[in-house]
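Here is a note for someone opening this structure for the first time. Please read the points with the model beside you.

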Amino acid sequence: MKSKTIIVSNRLPVKCVLEEGQLSMHASEGGLATGLSAIHGDEGNLWIGWPGLVVSTKKEEHLIEEQLRPGGLVPVFLSEQQIKGFYEGFSNEILWPIFHYISTYSNFETEYWDHYVRVNELFRDQILLHAGAGDTIWIHDYQLLLLPQLLREQLPDTTISFFLHIPFPSQELFRLIPWRNELLSGMLGADLLGFQTYDDVRHFISAASRILGISQRTGRLEFEGRTVAVDSFPISIDTAHFEALARDPEVLRSKEMIRNSFPGQQIMLSIDRLDYSKGILQRLKAFELFLGRSERFLKSVVLYMVVVPSRDKVSQYESLKKSIDQEVGRINARYGTYDWQPIVYFYQSFPIRELAAMYGVADVCLVTSMRDGMNLVSKEYVASRIDGTGVLILSELAGASHELVDALLINPADTQQVAEAIETALDMSPEEMQERLSALRDVVRRFDVHYWAGSFLEKLKEIKNEQEKRKTLRVGNSLEKSIRKQYQQAKRRLLILDYDGTLVGFKPVPEQAVPDKNLHELLEDLANDPKNHLVIISGRKQEQLNQWFGKMDCTLVAEHGVWRKDPGGDWKVRPGLSDHWQDQVNELMVSFAHRTPGAGVERKDYSIAWHYRKVQKDLGMIRSDELLESLKDYSGTFGLQILEGSMVIEVRNAAVNKGQAVLEILERQEYDFVFSAGDDRTDEDMFVVLPESAITIKVGAGDSHAGLFVPSYKDIRRLLACFLSQRKGSARVKQDPPRQAGSARSTRVKK
C-alpha cells in the first residue's frame, strides 16, 4: 500500500457552516493552507483537524465526515467544554501569553491542562484510525504539543514531524508552566522539530537541556534512544499568488477607489489581528508622536489601520479593543479637521482581494509587533508591490525581520524610533526605496511557502535516513539473541567495560556514582566465570577502582591506561610518563573553575579533569569552549592529549589511552569472543583497535567507531545479565588450565 502524508492542525483548511441540515464549506486562504495545498492534494494524503463548529448529534457528524472525505479532510469533533478548556483555556490563556513573553496574562488552571491532554488524545485516536507504519505525519502548532509523543508511543517507527508557528520563549519563561516537562517530552516525540527562527531553536534546545537534561550537539537532541533534529524553517507566502492579485482587474479597481478617497495623501497601512502581541497601542502612540513633531505631514498622510476581530470576548482582548477605540478617537479628535482625519480605522476582516488592494495602494506598511513568530503581512506587502515602490517598517521582534533585513527595522517599544522611521519612510528617495524593495522582493520570491514546505520535508527525509542507518546498529531483540549465542559458544571471552555512563548513570558529583549491590553481583558473576577475562577500564583513579573492585578476579585499568592491576597482582604504572606539566595546566583549570559556579578540577597522577556537570548548561558550554581554546598551546608544548568527555574536559599524556591499554591485553592472550562497551570520546580509542570480529557497543546516540549502540547504561547491564542467565543456580566451575596458543580461534587485531 502506498505511504501517505497526514497533515494535522488544530483547524482544517476549510470553515464548515451547518444550517438547517445543510453543510457549506469555505476554503481558507491562510498561509498554512496555501503552503500545504500541494502536499495535501497528492492522492491518498489526508488533513486532520477540527472543522470549526460544534455538532450535537451523530447524524451531523456523519454528514460532515461524508462531505469532507472526498477532499481528503478528516474532522476531529470537540465539545463546547473542550473548546473552552483546550483552545480558549490552555492554548490561549497559558501557552499563547507565555510564548509571546506576556506571562502576567497566563492563567494556570489545572482543569485547562486536563482538557488539553484529552483533546490531544482525541487527535491521536483519530490519526491512529488512518495512519500506517510507512506514513509521514506532520503536526502543526502550539495546540498540539503533546501529540508527537502520544503518537510515538503507538507508532514507534512512523515518521513524525512538528512545526511551531509562534515563537518559542526563553527557558526562563517556559519553565513557569507547571507542565513544562510533559510539553517538552511531547514535542520530542517528533523526528524533526521546526521553528520560525534560529532564536526559537536556541530557546527550545536550552529548555530541553536545562529542564530535561537532554544532551545536544549541532542541532541534534538525543531523547529516549532517538536522534531528534531541531532547525529553523521560516514560513512564507505564495508569492506568485499575491503578484497575480496585484494585476487582477478587481483589485486594480479597488486600489483606484482607495486612492481617490485620499487625494494628495500618502497612505500608511497596518493590518493586525486583535492581539496584545501586535503592539497596536504602542504604534498609535508612536504615530501620535510623529504627528506632533512633523507638522508638515498634517493633512498629507493617513494611517489606514485594519484590526481583525479575535477573541474579543476574552477580558484582555475586550480591554485591548476598548483602549484601541479610545486612542484612535482621541488622536483623530486632537489632530483631525473637517476635511481630514489622520487614522482611518476598521475593526473587521476583509477578503483577500480587498487586502491585496490595500497592499497595492499603501506607500508605507507599518508592522510593529511586540513579538511575532513570523508576520506574513510584511511578506504579503512586499510581494504585492510589483511596481517597485513602497517602504516596509518592520519590528525587529517579528520573525520576518531575520529575513527582511532591508526593511526599516525598529524596536516597537521605542516610540521615538518608530516615529523617526515613519518620517524616514515618507521622505525616502525613489532610488533608495527601489533598492530596498528589490532586495526584499528577491527574498520573498526565492523563499516562498512552497520552498518552506519542500525544505522542511527534505530535512525530515534526511533525519529519517540518518535514523535508519542508526536503527540497523541498535541492539534489538534479534541482535541481542545473536550476541548471547556467540557468548555461550565461546571458550575464551574478553569483556572490556568502561564504568561511568556505561555501567552506572552519571551523577552531579562523580563520587556519588558508586556501584550498587546488583552491579557488584553482576560483575562478580562475570569475573568468576572461568571462560571470562573481565576488564574494567576507566578514567577514575586507581584508589577508587581498587576500593570498589580490587577483590574481584578481573583486570582494572585506571586513568585511561596509566595504571593497571591484573587479577591477584599489584598496581603498575605505565613507564615513561611525565607529570611536570600538571602544575601549569592545573592552575589554568582552577582559574576557569573559580569563575564558573559548579565546576571543579580533579587532579590525578598523570592527568587532570575539569568537570562541569553541575554548571548551568549554557554557561558550561561557553566555558568549556573557552578552556579548550586556552589548552591548545599546552598540547603542543608538552605532548598532551585533550579529550572532551560527558561534561568533562580531560588533559593527559598523549602516549596514554584506552586503546593502547587494550592492545597490551590482547597481545597476552587469544580470545574467540571480544565484547566492549563505552559511552564517550575516551572509549573510541579502544573501539578503533579492537578486532573486526569484536562486539563493540556505544552507550547513547552519536557518531562512534563502535559497531552497535544502546540508549542507556541499563541496556548494557541487562545484556550482561543475559549472558549469565544460563548459569544462574549452577555450580561454578574451576578455572580452566592455561590454553596453548592456537588452541582457540585467534582474534585478529585491526592494524
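1. Glu626 and Arg623 form a salt bridge through their side chains, at 3.5 Å from N to O. A salt bridge here is a side-chain nitrogen of Lys or Arg within 4 Å of a carboxyl oxygen of Asp or Glu. Both residues sit in helix H22 (residues 617-638), three residues apart, about one turn of the helix. Helices (H or I, at least four residues) and strands (E, at least two) are DSSP runs, numbered from the N terminus. Glu626 is partly exposed at 31% relative accessibility, while Arg623 is buried at 15%. Buried means under 20% relative accessible area, exposed over 50%, and partly exposed in between (1.4 Å probe, protein chains only).

2. A word on the basis. This is a predicted model, in which local features need pLDDT of at least 70 and side-chain atom pairs count only at pLDDT 80 or more, while totals for chains, interfaces and linings use all residues. Residues are numbered from 1 along each chain as its sequence is written, and side-chain values use heavy atoms, leaving out hydrogens and water.

3. The whole structure holds 49 salt bridges. One of them joins Arg445 and Glu243 at 3.0 Å, N to O. This pair links distant parts of the chain: Arg445 is in helix H16 (residues 430-446) and Glu243 in helix H9 (residues 239-247), 202 residues apart. Arg445 is partly exposed at 44% relative accessible area; Glu243 is buried at 13%.

4. Glu664 and Arg564 also meet in a salt bridge, at 3.5 Å from N to O. Helix H23 (residues 658-666) carries Glu664, strand S21 (residues 563-565) carries Arg564, and 100 residues separate the two. Glu664 is partly exposed at 25% relative accessible area, and Arg564 is partly exposed at 22%. Elsewhere, a network of salt bridges links Arg220, Asp231, Lys459, Glu462 and Glu466.

5. Glu380 lies in helix H14 (residues 376-384). Not counting residues up to four places away in sequence, Glu380 touches Ile237, Phe242 and Tyr359. Contact means heavy atoms within 4.5 Å.

6. Now the sheets. An open sheet of nine strands runs S5-S4-S1-S6-S7-S8-S11-S10-S9, with mixed pairing. Strand S5 (73-75) and strand S9 (216-217) are at the edges, each with a single partner strand, so one side of each has no neighbour in the sheet. Two strands pair if DSSP finds at least two bridges between them. Strand S8 (residues 192-195) and strand S11 (residues 226-232) run parallel, joined by four bridges. Phe195 stands opposite Ser232 in S11.

7. Strand S12 (residues 266-273) pairs with strand S15 (residues 364-367) over two bridges. Met268 has Val364 in S15 as its bridge partner.

8. Last, the largest nonpolar core. It has 97 residues, of which Phe99, Phe168, Leu183, Leu193 and Phe204 touch the most other members. Such a core is a set of buried Ala, Val, Leu, Ile, Met, Phe, Trp, Tyr and Cys residues joined through side-chain atoms within 4.5 Å. Helix H3 (residues 80-99) gives the largest share, eight residues.
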